Each structure stands twice: as structure tokens, then as C-alpha cells.
Amino acid sequence: MKTFEEKWTAWLDGQLSGRELVEFESSLPDLAAAEAEKRDAQKLGLFLKKELGAQALSNEDFFSHQLRERIAGETEESHGSGGRSSWWTVPRLVWSGATALALFFICAVAIMRQHQPGEQSEYLTQILKSQVDPVANPNATVSIFEIKNDNKVTVLWTEGLQTLPADYAAK
Amino acid sequence: MQTETTPAQADVSELDLVKQCQAGNSEAFDQLVTRYRTRVFAMIYNMVHNEQDAWDLAQDSFVKAWKSIGRFRGKSSFYTWIYRIVMNVTIDWLRKRQIKAGGAEFDDSIQLKEIEPASKTVPKADPLPHQRMEQGEIRARIDQAIEQLSPEHRAVILMKEIEEMQYHEIAESLGCSIGTVMSRLFYARKKLQNTLRDVYENV
């Protein structure tokens, strides 16, 4: 359903015909006044066409020249930035991947070394075994753990000893 | 629709030129620019009323057209398509200028009949101003009247009256319905009739 404004515009521009035209014109309260308004609007249209239609572009060739320069510049820029991005993309991926892998292995090795359990000292274990009489201390167990970090801590763990060997001096 | 063409250029159809542009041929685009630059510039100039701004906006419009010509599918004419770009660029520019100016411009609620006819263009002592108007003064009156319209109203009245475009072409260029175009045309005409009647009835 067209609004009055749409019908009026269509009527003014000669776009109404047939039954639509008859219906619209019969709906107007004052057809003569509407016709005068129509002529006035057409006069406005002709006036605008006459006064505004002759605006010329001065220096047309320079306009095109400037436009060509801009387009060439922007095309070159986009190609240049495209080239740089493709140059960056592949090496960056390769180097990033390699660096990440190397860092991963370095960190993994360092962490594994840090978290290794304290190893029993074969040398001290042998000495202690020689000092503990299995007959006098049948349930004795002796363990030594050395934490080989900066503190150089050695833990001696004894259990089940009934007597200490007389000649043993713990250091 | 009248365009700037030499006989040699006229042999090449617009669609062929567009296809060449889409293949990256900037010389083909240069031919399209030559065909439409004057009309595009005139349209923008009538919207913004400043030659330097119109020049820059026309340049921006053609650069945008070049960048997006790959998306042109030929469903409408090239002229309608480029007009859509021109209108987007120009209306955006006018809107930004309106915001910078504080939003007072393009207020459709302003009744143009309240504007004193020829208030800025004619000396007060002149007893019959409209009879003494020179061409520049007439143009100034028209520009002043058009500046009071919103960008969308400017666009429809100029495309209809100057470019003689059809409703559907205007609608395509502005991305709105035909009904909206007709409605905007109704109000734009009414406002210009109120403002310029004393000019066009005496020229």
C-alpha cells in the first residue's frame, strides 16, 4: 500500500496510470491546486537541472593522472606489504617452531635432572653394612640418601638398630 | 545516460572494461574513470558545495571502486554501482562533518520557510533582489537551500532532477527501498519549493 507521499511523487513524475491515476486524482480535494503544485515542482526540477547540471570538472587530465598515481601507489603498497608478510610468515613459523622445541628439550632435561630421586651412595652403604652386625641387629636397615644440590645434604636413615657399633662415629 | 566517450572508447562495452579491470587492467579502469569522472565530480560537488572537497571525495570514490571492482557482478549498471560507492563516501563525509559541527546541520525539523530569502546574498538596500541576482548569487541560493537538506534528501533530489535516474536506480545507489526514495523526494521537493520559489519563478 503506497503512502500519500509516494503516490504524490509518482503522480508528479507521471508514473501513475490507469485506475491508479484516476483513483489518486479523485482523492485530491482540489485537483486544480494540485495541478498548479505539480507545475511548480516541475519548474523547480527544470531550474535545478539548468543551474546545477553544468558543473564541470576542471583539469580532468590531472584528475585522472592523480588517480592513476594513487592506485599505482596503493597497489604497490599492498603488493609490498603482501611480499613482506609472506617472507615473514614461513621463516617465522620455522624459527618459532625450532626455538620452541629447543627450549622445550632444555627445560625438560633440566627439570628431569632436578627431580631425580637421591641416589644411594654405594660407597657409604658398603661401609655401613660392614659396621652393622646382622646377628646383633637382625632387623636393622640403613639407608643413605644424598641430595646433590647446592646444599650437599646427606640423609642417613637407620631403623631397627638395637646397638650402635662402638667404633662407628657418624660424621 | 550521457558519458564522456571518444569514438574509440565507445567501441568497448562497459562490461568488457569492467571484466578487464577485474583482471587487473588499470588502463581499462582509466577508461571508465574518463567516462564518469565529470558526472561523479558534479554530483559530489552539488552535495558538498566545495570544489576541493568534491575533488578529494571523487578520488576516494574511484579508488574504492578500483579496490572493490572484483565484487561487481553486473547485476546493475556500472554507473549505478559506482554511484552507490560515491553516495556512501559522500554521505559518510557529510555525516562526519555534521558531528564535528555539533549536529546542528541537516536537521529536517528546521522549517526552511523561516529562512529569510536572500538574507546573505543580496544587499539589504536592494528593492527587488531576485531581479538583480547574478548567476553566482542564484547558485549561492541553491547551495544554501540544498545545504539545509539531509544528505539522503540531497542525494535523491540531485539524482532525480539532475541525473534523471529512475526510482529503482536511486534506490540501488542508496541501498533503500523505492518507497523510501519516493517519500524522500516528496519532502525534498517541498522544502526546496518553499525555499527557492522566489528564485525559480523569476529567473
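**Exercise 1.** Classify how helices α8(B) and α10(B) are oriented to each other.

*Solution.* Step 1: in this predicted model, helix α8 (residues 151-161) of chain B and helix α10 (residues 178-200) of chain B have axes that come within 9 Å and cross at roughly 90 degrees. Residues are numbered from 1 along each chain as written, and chains are lettered from A in the order written. The model is predicted, and local features need pLDDT of at least 70. Helices are DSSP runs (H or I, at least four residues), numbered from the N terminus; axes are lines fitted to C-alpha atoms over the stretch in contact, with angles from 0 to 180 degrees between N-to-C directions.

Step 2: angles of 65 to 115 degrees count as roughly perpendicular, under 35 as roughly parallel, over 145 as roughly antiparallel and the rest as oblique. α8(B) and α10(B) are therefore roughly perpendicular.

**Exercise 2.** Which residues is Val156(B) in contact with, leaving aside its neighbours within four places in sequence?

*Solution.* Contact requires C-beta atoms, placed from the backbone, within 7 Å. Val156(B) meets this with Ile170(B), Val181(B), Arg184(B), Leu185(B) and Ala188(B). Val156(B) is also one of the α8(B) residues that meet α10(B).

**Exercise 3.** Classify how α3(B) and α4(B) are oriented to each other.

*Solution.* Step 1: the axes of α3(B) and helix α4 (residues 51-68) of chain B come within 9 Å, crossing at roughly 140 degrees.

Step 2: the pair is therefore oblique.

Step 3: residues in this contact include Val40(B), Phe41(B) and Ile44(B) from α3(B), and Trp55(B) and Phe62(B) from α4(B).

Definitions and conventions: This is a predicted model: local features need pLDDT of at least 70, side-chain atom pairs count only at pLDDT 80 or more; totals for chains, interfaces and linings use all residues. Two residues are in contact if their C-beta atoms, placed from the backbone, lie within 7 Å. Helices (H or I, at least four residues) and strands (E, at least two) are DSSP runs, numbered from the N terminus.
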